[in-house]
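Please keep the sequence and the 3D view open while you read.

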Amino acid sequence: MPKIKSFADLKKKRDELKTGQDIRKKAIDTENHVQVKVAMATCGIASGAKTIMEFFMEQLERRNIPAVVTQTGCMGYCYAEPTIEVKLPDQDPVVFGYVDLKRADQIIEKYIKTGELVDGIIPVNYETIDSKEIGG
Amino acid sequence: MSKYSMHLLVCGGTGCHSSESDAIVCNLRDELEAKGLTEKVQVILTGCFGFCEKGPIVKVMPDNTFYVQVKPEDAQPIVEEHVIKGRKVTRLLYHDPKTNEIVGDSKHMGFFKKQLRVVLRNCGFINPENIDEYIARDGYQALGKVLSEMTPEQVIKVIKDSGQRGRGGAGFPTGLKWEIASKNKSDQKYVVCNADEGDPGAFMDRSVLEGDPHSVLEAMAICGYSIGASEGLIYIRAEYPMAIHRLKIAIGQAREYGLLGKDIFGTGFNFDISIRYGAGAFVCGEETALIHSMEGLRGEPTIKPPFPAEAGYRGKPSNVNNVETFAAIPVIILKGAEWFSKIGTEKSKGTKVFALAGKINNVGLIEVPMGTTLREIIFEIGGGIRNGKKFKAVQTGGPSGGCLTEKHLDVPIDFDNLIAAGSMMGSGGMIVMDEDNCMVSVAKFFLDFTVEESCGKCAPCRIGNKRLHELLGQICEGKGKPEDLDRLRNMSMVIKDTALCGLGQTSPNPVLSTLDNFMNEYTAHVIAKKCPSGECKSLMEYVVNAENCVGCTACARVCPVNAISGERKEIHHIDPAICIKCGACKEKCKFDAIFIR
């Protein structure tokens, strides 16, 4: 291991290492982050959910938007895959269907950045046991 | 940029480790490898999360899912369901017994809600065996700041202004201690870390060293700079193998980076740390005894003055601080004295780590701001008393402290309030007792410990405690006399006034505080010869209730000493002279016909 020779060296080192813990840091404070859940069941993956998830992870970081991108199971909208759910801080989650790279870009630029809705919204029309037991 | 999209944190504290958390790590890694996910998901072994009651714990980030009581074979469902399909494994989530709800993440658990983790900031967050993880969390930044931007006097001023007091038990102001050591001139001085954690039921120092060893190393170097010492020593008991292992790794890594050793950060400041092992004697937590033990002498205390700050290790000025005291120092330097002094009460600043043990639902390690009440700690964070029993008392300060009762539940806890209530902070162990605990036996239990641990140097402690212990034993056996209660109190006062060191001076505290708070139990033992809680076996009598007994002979057959007489279909009788009070008959009886009198 190379020695840390000065205080400036240490600061540089810390800044390099910091991103490695971003996932953990965000987890402590999820409410204040944009949360993107990508449906990654068989139907989702077959329709390209994996590319979409990678796109979100990469682009949100590149565009400096503090966000938590996670995967989830089949949301049930198999006809509209890939589907994603986006939750902005202090707002109800919104589900988008038929997300391709173009729409993903729109979601980031319009909905996530300005709150302006874009095409492809799927209205939430059911309740889950989760929403009763876990509270969201 | 790291390509990982998910972190799996597995608790690697001693508690979870002994419940096979290392096997969980192995299995998780195997599963991830089998599914080709090693590039995406990182498994990290961390320090203690604190919720030892429900260990081993696995935390999934970034969704903050908190899995409890995980077994090695649960690695497969966690990977297959959660990691791949994004569905939480419901059966492994925490089930809140109070609200009967399943809680998915730690933020919504009662155990974590009231906590403020300063000392434990990195425990359960970083991998303690990797210095990079500590550096990423602003590790060694405080040392850098101190060495390049501050004079030793300025550092001491910050610590003084913060109001930090020693967490080892006595609560001596840390900044003042440093100042005294810095003013004593000498060619060589020493920084000593007291990791000889000896209170029964206390494990905060161990958890800090296991979960975040670098925070202690960094603080010791800061202390070295402030008082003018180039050598640090950690005195730790050999019975903490995992803490020692992680300390060694940490010291090695810090040396490789040049954060310990010669010319740190190119400032010309030299500081290195070595480890000294103790054999686990309680008295060696006392600083003069600790220093003698490190010098290879008998672990016996000597009269102060001279204080270690004047003539300590090898006769040189030495500054001894506890692990928890050190662990808070880097945060105080980085966040400032004002930030720290805003937390806590008027005379006790900051937070305190407590180890919850005994008859409490959530056994574990917690950290709360000073001034939190016992009620909040026991009933909100601790989840109340086990099996719905009634709270009776809590022993704080270990064998040197005292017990606090129902009437103390709303006292804001800090150094001074605990002393006013007849106990003390000690190192932060809290042993909770319920209605089934006999307080005379509790006092006897702690005396057991001090009699065993007394070094034998001074007569009050060596002989006095032995006599106290004998008297308590007689009372528990029903052989106590009313005048014994006065003898107990008088002897306790004499020991308190005349013993040589802190161990002896505080050893009668459990007796005095139980006498003060539970006189009724003592009198029941010596006058009515009854133990109200039914814990003292000698004072129990098993009796047959004639109304319920059907004469089935089941009890007579199970009795190992043939103390039960009576023919079939006749009412049975237990001979108290023969009965050994094993309770086998009561357990066997299907008709509730045997009770304890």
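**A covered helix**

In H8(B), the buried residues are Thr174(B), Gly175(B), Lys177(B), Trp178(B), Glu179(B), Ala181(B) and Ser182(B). A residue counts as buried if 20 or more other C-beta atoms lie within 10 Å of its own, as exposed if 12 or fewer do, and as partly exposed in between, with C-beta atoms placed from the backbone. Helices (H or I, at least four residues) and strands (E, at least two) are DSSP runs, numbered from the N terminus. Helix H8 of chain B covers residues 174–183 and is mostly covered, with seven of its ten residues buried. Those buried residues pack against helix H7 (152–162), H10, strand S11 (318–322) and helix H13 (323–335) of chain B. Contact here means that the C-beta atoms of two residues, placed from the backbone, lie within 7 Å.

A note on the model and its labels. This is a predicted model, in which local features need pLDDT of at least 70 and side-chain atom pairs count only at pLDDT 80 or more, while totals for chains, interfaces and linings use all residues. Residues are numbered from 1 along each chain as its sequence is written, and chains are lettered from A and ligands numbered from 1 in the order in which they are written.

**Nonpolar cores**

A nonpolar core is a set of buried Ala, Val, Leu, Ile, Met, Phe, Trp, Tyr and Cys residues joined through C-beta atoms within 7 Å. The largest one has 175 residues. Leu8(B), Val58(B), Val216(B), Met220(B), Ile222(B) and Val394(B) have the most contacts inside it. Helix H10 of chain B (residues 213–227) gives the largest share of this core, nine residues. Beyond its neighbours within four places in sequence, Met220(B) touches Val191(B), Cys193(B), Gly232(B), Ile273(B) and Phe326(B). A second, separate core has 23 residues, among them Val34(A), Ala41(A), Met53(A) and Val86(A).

**Domains and a sheet in chain B**

| Domain of chain B | Residues |
|---|---|
| Domain 1 | 6–109 |
| Domain 2 | 131–341 |
| Domain 3 | 351–434 |
| Domain 4 | 439–528 |
| Domain 5 | 541–596 |

The C-alpha centres of domains 3 and 4 of chain B are 22 Å apart. Ten residues of domain 3 of chain B contact 14 residues of domain 4 of chain B. On the domain 3 side, strand S15 (residues 402–405) of chain B gives the largest share, three residues. That side has four nonpolar, six polar and no charged residues. In this classing, Ala, Val, Leu, Ile, Met, Phe, Trp, Tyr, Cys and Pro are nonpolar, Asp, Glu, Lys and Arg are charged, and the others, Gly among them, are polar.

S15 of chain B also belongs to an open, mixed sheet of five strands, in the order S13-S12-S16-S14-S15. Strand S13 (364–369) and S15 of chain B are the edges; each has a single partner strand, so one side of each lacks a neighbour in the sheet. Two strands pair if DSSP finds at least two bridges between them.

Strand S12 (residues 351–358) and strand S16 (residues 429–434) of chain B pair in the parallel sense over four bridges. There, Ala355(B) stands opposite Gly429(B). Strand S14 (residues 391–396) of chain B runs antiparallel to S15(B), joined by four bridges. Here Ala393(B) faces Thr405(B). S14(B) and S15(B) form a hairpin with five residues between them, and Gly397(B) in the turn has a positive phi of about 80°.

Is Thr372(B) buried or exposed? Thr372(B) is buried, with 24 other C-beta atoms within 10 Å. Thr372(B) sits in the loop between S13 and helix H15 (374–381) of chain B. Leaving aside neighbours within four places in sequence, Thr372(B) contacts Lys114(B), Ile377(B), Pro412(B) and Ile413(B).

Chain A has six helices and five strands. Its C-alpha trace spans about 60 × 35 × 30 Å along the principal axes. Of its 136 residues, 28% are buried.

How many residues of chain B are in contact with chain A? The count is 32 residues of chain B, against 30 residues of chain A. On the chain B side, strand S1 (6–11), strand S6 (101–103), helix H5 (131–136) and helix H6 (141–149) each give two or more residues. By class, this side has 13 nonpolar, eleven polar and eight charged residues.

Note on methods: Domains from an automatic or database assignment.
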